[in-house]
Amino acid sequence: YGDHRDLHLSLRRQRQMCIRDRPEGYQNADEYLKDLAYQGIKERYQQITPQVKDRLEHELKIIQRTGYAGYFLIVADFVRYAKSEGISVGPGRGAATSSLVSYALKITDIDPLKNNLLFERFLNPQRVNMPDIDIDFADRDRQKVINYVIKKYGKDNVCQIITFGTMAARAVIRDVGRVLGVPYGEVDKIAKLVPPGTTLERAIETVPELAQLTQSDGVGAKLISYAKTLEGLARHCSTHAAGVVITPDSLTNHTPLCTTNKKEVTTQYDWKSIEEIGLLKMDFLGLRTLTVIDDTLRMIAERSTPLKIEDIPQNDKATFDLLARGETIGVFQFESPGMRDYLRKLKPTTLDDMIAMNALYRPGPMASIDDFIRRKHGTTKITYLHPLLKPILEETYGIIVYQEQVMRIASVLAGFSLAQADMLRRAMGKKQPEIMEEQRGPFIEGCRKNGIDEAVSYT
């Protein structure tokens, strides 16, 4: 297909064709999107300031340039349908919350300006992969929304996406052992030598018993040799938990299809390949937490004064006292024992504390949690490597927590455009050392031009 970016541009017409209900009077999807965005922004803000208008125009220009107007319109349509049917929709997640257009269209309910979110993290002209708008629906009603999309765009044009289960290290040893007829007890003993979550190659390097087996003449060496060859290959297929593809005409003109053991039609291409050929992929996520909230509000209404979720204050002291006690079993992403222990240490007093803790509680950033807690409580002094970092990192006590902070640091200190900064942010997030190394020189040179000491830029 040649250059990936050229492929995306060549498929602009295909993405625009997915809009079936553009009213008369609009020459194209871009005009319609702009009109809807300006209507929506008037509902979101009491006053349209120059900052709001400039940001909206900036986003609309990028959306037009990259050809994604149809994408926004389709998502806005099925979100609008869900809300009109009383189906709970999440406020937004991931990079899509950084879009003012999404906020105006009520795809998301998080103000990107108030929360200092950067649109370029979601979409920019230099981005070579498609953006993603992940939408959460109450899990028991998710299929209703998918059925609406199928009815609107045609069953021949909409289906879910396949996913492949691969042979992991332990599982492939057991599979090979079964084929070779090795007694289960012997196979199980070998499989359990492999540390969870590692590869066979890595396990052989770190576990002496496995290394010895590979050097032997017994069946164990043969088993491991075959297992290494098969590791990582597709073992079985199933339906992707969230992915749905929409095509402008029949699916069979764009992708091969297959039928699952549940008689569901899916693509034969996985989601990565679907993106590679430029098809429109949507993520319809079923979230049990939204169903629990729905049931809770219903039970409250049956016993007392009805409550709307948007009317719940974000600074309720009793709630933060509960969080500080770690009483969060059943609270999405805050219910693990480790997280509850950290909440007891942190004693959060604001929603920002909870947001930061949620971002930090992941492999890698977890190393900074104790320092974050000490800085919040004043037992460790908050310091900044350079004065320019203070406005960027002040809300997180001088610790880099968010991807937007990485982008702002690259922009403010090294003079990167936000599109360049997004490339660096993605490389760091996906642990791509070769790309980070490519960016090292321009970053240090940009810092030097801004009069920043080289020791600081290296740090």
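Buried means under 20% relative accessible area, with exposed over 50% and partly exposed in between, using a 1.4 Å probe and protein chains only. Keep in mind that this is a predicted model, where local features need pLDDT of at least 70, side-chain atom pairs count only at pLDDT 80 or more, and totals for chains, interfaces and linings use all residues. Residues are numbered from 1 along each chain as its sequence is written, and side-chain values use heavy atoms, leaving out hydrogens and water.

So which residues of α16 are buried? They are Met339, Arg340, Tyr342, Leu343 and Leu346. Look down the axis of α16 and these buried residues fall within an arc of 160°, so they line one face of the helix. The arc is taken from the directions that run from the helix axis to the C-beta atoms.

Now turn to α17. The axes of α16 (residues 337-346) and α17 (residues 351-360) come within 11 Å and cross at roughly 140°. That makes α16 oblique to α17. Axes are lines fitted to C-alpha atoms, for helices over the stretch in contact, with angles from 0 to 180 degrees between N-to-C directions. Under 35 degrees counts as roughly parallel, over 145 as roughly antiparallel, 65 to 115 as roughly perpendicular, and the rest as oblique.

Who does the touching? Met339, Tyr342, Leu343 and Leu346 of α16 meet Asp353, Met354, Met357 and Asn358 of α17, where contact means heavy atoms within 4.5 Å. Sorted by type, the residues of this contact are six nonpolar, one polar and one charged. Nonpolar covers Ala, Val, Leu, Ile, Met, Phe, Trp, Tyr, Cys and Pro, charged covers Asp, Glu, Lys and Arg, and polar takes the others, Gly among them.

Next up is α15 (residues 317-324), whose buried residues are Phe320, Leu323 and Ala324. Seen down the axis of α15, they fall within an arc of 100°, so they line one face of the helix. Those buried residues pack against α16 and α17. Just after α15, glycine 326 takes a positive phi of about 75°.

Finally, zoom out. The protein chain has 23 helices and six strands, and of its 459 residues 43% count as buried.

Key
Helices (H or I, at least four residues) and strands (E, at least two) are DSSP runs, numbered from the N terminus.
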